[in-house]
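Colleague: I am new to reading models. Can we go through one together, feature by feature?

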Amino acid sequence: LGSNPKGNWTSIIKYFEKCNGDTVCKPNMGSGGIGVERASTQPALERIMQELFIDNRTVAVSPYVDMSAEYRVTVLDGKAELIYKKIKGHNADLKFNLCKGAYAKEVTDKNIAEEVSKLAVHAAEAIGIRFTNVDISETPKQSFSVLEINSGVMFEHYAKQGVQEQKNARKIYIKALSTLF
């Protein structure tokens, strides 16, 4: 949602109701889960939207989905280069952000890796982006869907986990840069 001369509130409320009064609101720009909040009442939605529009020109409103897990897939030129599951930390909330205490765990289940890779590659191709991190949600019923496509590829918190993660990040950045020249 962005600037609209007629205002956005009517369409926001209609969408909120379409989502059974349970949404997640976030800035379109930014990272690390900053500004991401769940709205499950209309007064909460109004407060969240007012706060978000103070510092943001556009925001996203999505239906809340009960997630049992979140996966990140780094896609480069139609190929999944890295797949990991985000494990919530001790101070868990609705976010699986590495900068908020979650940690990355390599996906060893080949079926899950294949399914989330296909989704991520398809999502990247659908919007025409060559290099991206795609977040995939998993519901308690083990259904997967694209949560978001990130225009920026950052490995800062992932690489802090250990030597192998640093090597993985470096390898992907080198490969991405080599495709430019």
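**Reading the model**

Modeller: Start with D77, which counts as partly exposed because its relative accessibility is 41%. Buried means under 20% relative accessible area, exposed over 50%, and partly exposed in between (1.4 Å probe, protein chains only). This is a predicted model: local features need pLDDT of at least 70, side-chain atom pairs count only at pLDDT 80 or more, and totals for chains, interfaces and linings use all residues. Residues are numbered from 1 along each chain as its sequence is written, and side-chain values use heavy atoms, with hydrogens and water left out.

Colleague: Where is D77 found?

Modeller: D77 lies in the loop between β4 and β5 (79–87). Strands (E, at least two residues) and helices (H or I, at least four) are DSSP runs, numbered from the N terminus. Phi of D77 is near 50 degrees, a positive value in a residue other than glycine.

Colleague: What is phi of Q142 near?

Modeller: Near 60 degrees, again positive in a residue other than glycine. Q142 sits in the loop between β7 and β8 (144–150). Q142 counts as exposed because its relative accessibility is 58%.

Colleague: How many residues has the largest nonpolar core?

Modeller: A nonpolar core is a set of buried Ala, Val, Leu, Ile, Met, Phe, Trp, Tyr and Cys residues joined through side-chain atoms within 4.5 Å. Here the largest has 16 residues. Those with the most contacts inside it are Y71, V73, V75, V116 and I136. β4 (69–76), α3 (110–127) and β7 (131–138) each give two or more residues to this core. The largest share, seven residues, comes from α3.
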